[in-house]
Structure formats: C-alpha cells, structure tokens
Amino acid sequence: MSTSTAAATSQPLEIQPSEGENRVHLENAVAQLIPKKQSDAAVDGEKAAAAAAAAEGGEGGEAGAASWELVDEGRGLQRTFRFRTFGATWDFMTQIATQCKKTRHHPEWSNVYNKTTIKWTTHRPLGLSSKDTEMARFCDEVARERGEVF
C-alpha cells in the first residue's frame with residue numbers, strides 16, 4: 001500500500017474532499033482525528049482554532065492514543081491499531097467489518113498478528129468523505145472498548 005503523509009513532505013497536506021462533500025465539515029472532522037500539528041497543515045487560521053477547541057472539549061482522541069494521518073495527497077486517513085493478542089485484533093476487525101456491511105463503506109486494511117492498519121478513503125467520487133471520518137471515529141471507539149495498547 002503506497003501512501004504519502006504530511007509528515008513525509010515539506011508542503012502542508014490539504015484535504016481532498018469527495019465531490020459533493022462539505023470541505024469545512026470534513027476539515028473539522030479530520031482535525032479531531034489527527035494530531036494538532038498535522039491538522040494545522042490541513043486547515044488554516046480560524047478553522048484550525050475552532051477545530052482544536054472542539055477537540056479539547058472532549059471530541060478528539062484521548063491522551064497517549066494513536067492518531068490518524070492524512071495520506072494519499074489528502075484523500076485518505078490511515079492509522080495502525082495494536083492489541084495484546086491476535087484474537088483481540090481479530091475481534092476488533094470483525095466488529096469493524098460488521099459496521100462496514102451496515103454502512104456499505106469498506107476500508108483498505110491489513111493485519112499482521114496483533115496489528116491492523118486501516119485506511120479510509122472514498123473511491124467514487126475520489127477523495128475524503130464524511131463516511132471516512134465517521135468510520136475512523138467508529139474504529140477509535142471500538143479500539144478503546146477492546147483495550148487497544150499503545
């Protein structure tokens with residue numbers, strides 16, 4: 001899986017929303033999923049401040065938690081989850097897969113023993129969508145419930 005991240009480039013990475021998606025809504029949702037440094041590269045000025053304030057109000061990830069990265073020139077979100085055992089990892093993936101069937105939105109993912117890497121992106125129309133950010137948030141919730149290790 002070939003991806004590029006904001007951290008790997010000197011240029012700020014801009015979110016590339018799918019056609020018909022509200023850019024400001026996506027920028028705010030992404031700012032709650034990724035570290036402040038990277039979200040500042042993705043959103044500017046007042047939008048970044050508003051998103052950071054929302055994240056500090058309990059909407060963002062918890063301290064010490066892993067976070068999502070913008071990848072594929074801003075068209076995707078990616079994160080690696082780690083659990084104590086393969087069984088715990090498999091149960092996490094099963095719960096995500098069940099939700100994928102309900103939402104009709106599926107990730108690009110891979111698993112090696114106790115680690116699962118998930119990338120959310122929308123292929124038609126190409127770009128980042130609200131389904132991607134909603135499923136990323138769902139993954140975070142399930143990982144927290146299932147005892148993700150850091």
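Biologist: Is Cys139 buried or exposed?

Modeller: This is a predicted model, in which local features need pLDDT of at least 70 and side-chain atom pairs count only at pLDDT 80 or more, while totals for chains, interfaces and linings use all residues. Residues are numbered from 1 along each chain as its sequence is written, and side-chain values use heavy atoms, with hydrogens and water left out. Buried means under 20% relative accessible area, exposed over 50% and partly exposed in between, with a 1.4 Å probe and protein chains only. Because its relative accessible area is 0%, Cys139 is buried.

Biologist: How many disulfides does the count come to?

Modeller: In general, a disulfide is a covalent bond between the sulfur atoms of two cysteines, and the rule applied here asks for a pair of cysteine sulfur atoms within 2.5 Å. The sulfur of Cys139 has its closest cysteine sulfur in Cys100, at 7.1 Å, which is too far for a bond. By this rule the count comes to 0 disulfides.

Biologist: What is the relative accessible area of Cys100?

Modeller: Cys100 belongs to the residues of H4 that make the contact with H5. The residue is classed as buried, and its relative accessible area is 2%.

Biologist: Are H4 and H5 roughly parallel or roughly antiparallel?

Modeller: Helices (H or I, at least four residues) and strands (E, at least two) are DSSP runs numbered from the N terminus, and axes are lines fitted to C-alpha atoms, for helices over the stretch in contact, with angles running from 0 to 180 degrees between N-to-C directions. The axes of H4 (residues 86–103) and H5 (residues 130–145) come within 10 Å and cross at roughly 150 degrees. Angles under 35 degrees count as roughly parallel, over 145 as roughly antiparallel, 65 to 115 as roughly perpendicular and the rest as oblique. The crossing angle therefore makes H4 and H5 roughly antiparallel.

Biologist: How is H1 oriented to H5, roughly parallel or roughly antiparallel?

Modeller: The axes of H1 (residues 23–33) and H5 come within 10 Å, and they cross at roughly 20 degrees. That angle makes the orientation of H1 to H5 roughly parallel.

Biologist: Which residues of H5 does H1 meet?

Modeller: Contact means heavy atoms within 4.5 Å. From H1, the residues involved are His25, Leu26, Ala29, Val30, Gln32 and Leu33, and those they meet in H5 are Ser130, Thr133, Ala136, Arg137 and Asp140.
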